[in-house]
Amino acid sequence: MLKTLSTYFYRTSSKLDRNLVLKRTISTTPAMSTIEKTFDLPKRYKGTKESVWTEYIQLAIDYKPLNLGQGFPDYPPPQYVMDALAKASTQSDYMLHQYTRGFGHPRLVSAIAKLYSKLIGREINEKSEVITTIGAYEALFSAIMGHTEVGDEVIIIEPFYDCYEPMVRYAGGIPRFIPLRLKNVEGRLPTSADWVLDKDELEGLFNEKTKSIIINTPNNPLGKVFTEEELTHIANLCKKWNTLCISDEVYEWIVYEPNKHIRIASLPDMWERTITIGSAGKTFSVTGWKVGWAYCPANLMRNLQMIHQNSVYTGVTPIQEAVAIGFELEMERLGSEECFFVSLPKELESKRDYMAKFLLDVGMKPTIPEGGYFMLADWTPLESKVDLSSEKDKEKDYKFTKWMTKNIGFQGIPPSAFYNESHKNLGENFVRYCFIKKDENLKQAADILQKWKLSLK
Ligand SMILES: Cc1ncc(COP(=O)(O)O)c(C=O)c1O
């Protein structure tokens, strides 16, 4: 345990802190072991590991690489979005600086209900069918905690956003995994559409213990945009087995032509069994604002409300006000060229294509994403040219990404983090890069990789 603790501190603290911690650990060893035993992580959370984000943020701080790992823009959000926050936070209306309604700031739930009523073709009640949360993360947490009995099975599609699995386990649920598999493609680059679910395998996972399925479209890290046919297959199984669908749609506006984002809640008879989750962080390019939401029928929403009420209670008032202002503006110009939801994917498409080209040039094999702002690339064509023996991790994508960070100054994320323990091998040949970055930084990435390529034998 001591070793585990010091490894943890070693990974997450500065050198100075580490020396202090080590000194304290040595001088208080006997007392610490009793304390450690008494205050150990509760058994139900055992097995939780440091997340890939915690580890790789520290790696970036330690080695200062060009960081294409983390998923956020390295440039400011649109001016009107920043102005909205400035306006919301400088108003003398005292209520904008105090607790707002627990289940969502009135102006924001009203905007969300209006927008999604239009998008899914049914009237959404702003009071009982919408909740706002601290990022999509908290919406996921409330949905999973509020709907999972101990022993319930929850189907998770791999690669998955890494918090789904621990959240299901914390709730006492049993995750059942099914991977998207890359089809054989000859003579062309794969796209995220080439990563598919085996229909029979999916059908085989559903049974009377299946409480819910978590889907993510567009998917992180692949960028897969599930087609209507794929979603209909999932929906039919949900209806057949009376299963809830938790649909993580945080990248709903980042979809490249000719693909279309389809909200599973809008498919026939799916509204009554779907919780849809969104994020202002992705919608307005403001990940640091941490505003998310969920919408679903009132009877499902009550369960989310109970978890939210007793853990978070209420979100940040001025930030919710600012997101509401943003939505109100975008609703007026929805679908037009000026609408941020239209201009953002257009702007990102050329960054996507540029990244695909420079990854290909260095010898990697990218999967072209249909949505989102991440790209998976198969790095194994370069495997014989790099000596990763200095890296001690179990999965080779961890070795590769760490080696690249330390030796080439270029950071990506290891996709095996998005698979459960028994399927990690499926992610090991890949690396995930993020392309919502300034053109000059993408150019720098291309230059670093070119230089590296020239140095390879
Ligand atoms: C698929 C997916 N779901 C949920 C989240 C969490 O979103 P938020 O930052 O709004 O909590 C992320 C963030 O990267 C994500 O990629």
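Author: H7 lies across E2, strand E8 (244–248), E9 and E10, and H7 runs at about 35 degrees to E10. Contact here means C-beta atoms, placed from the backbone, within 7 Å, and angles run from 0 to 180 degrees between N-to-C directions of axes fitted to C-alpha atoms, for helices over the stretch in contact. Helices (H or I, at least four residues) and strands (E, at least two) are DSSP runs, numbered from the N terminus.

Reader: What kind of model is it, and how are residues numbered?

Author: This is a predicted model, where local features need pLDDT of at least 70 and side-chain atom pairs count only at pLDDT 80 or more, while totals for chains, interfaces and linings use all residues. Residues are numbered from 1 along each chain as its sequence is written.

Reader: What's the strand order in the sheet?

Author: E2-E10-E9-E8-E7-E3-E4, an open sheet of 7 strands with mixed pairing. Strands pair if DSSP finds at least two bridges between them.

Reader: Which strands stand at the edges?

Author: E2 (130–134) and E4 (174–179). Each has a single partner strand, so one side of each is left without a neighbour in the sheet. Neighbouring strands are turned by 20 degrees against each other on average, direction ignored.

Reader: And how do E9 and E10 run, parallel or antiparallel?

Author: Antiparallel, with 4 bridges joining E9 (residues 274–279) to E10 (residues 291–295). Ile277 stands opposite Ala294 in E10.

Reader: Switching to the ligand. Which helix gives the most to the shell around it?

Author: H7 (residues 135–145), with 3 residues. Of the 13 residues around the ligand, Gly135, Ala136, Tyr137, Asn220 and Ser279 come nearest; a residue counts as near if its C-beta atom, placed from the backbone, lies within 6 Å.

Reader: How does that shell divide by residue type?

Author: 4 nonpolar, 8 polar and 1 charged. Ala, Val, Leu, Ile, Met, Phe, Trp, Tyr, Cys and Pro count as nonpolar, Asp, Glu, Lys and Arg as charged, and the others, Gly among them, as polar.

Reader: Okay, what about H14 and H16, at what angle do they cross?

Author: Roughly 5 degrees, and the axes of H14 (residues 340–362) and H16 (residues 439–455) come within 9 Å. They are therefore roughly parallel to each other, the term for angles under 35 degrees. Among the contact residues are Tyr354 and Phe358 of H14 and Leu449 and Trp452 of H16. The contact residues divide into 9 nonpolar, 1 polar and 3 charged.

Reader: Last one: how many helices and strands does the chain have?

Author: 16 helices and 14 strands.

Definitions and conventions. Angles under 35 degrees count as roughly parallel, over 145 as roughly antiparallel, 65 to 115 as roughly perpendicular and the rest as oblique. Two residues are in contact if their C-beta atoms, placed from the backbone, lie within 7 Å.
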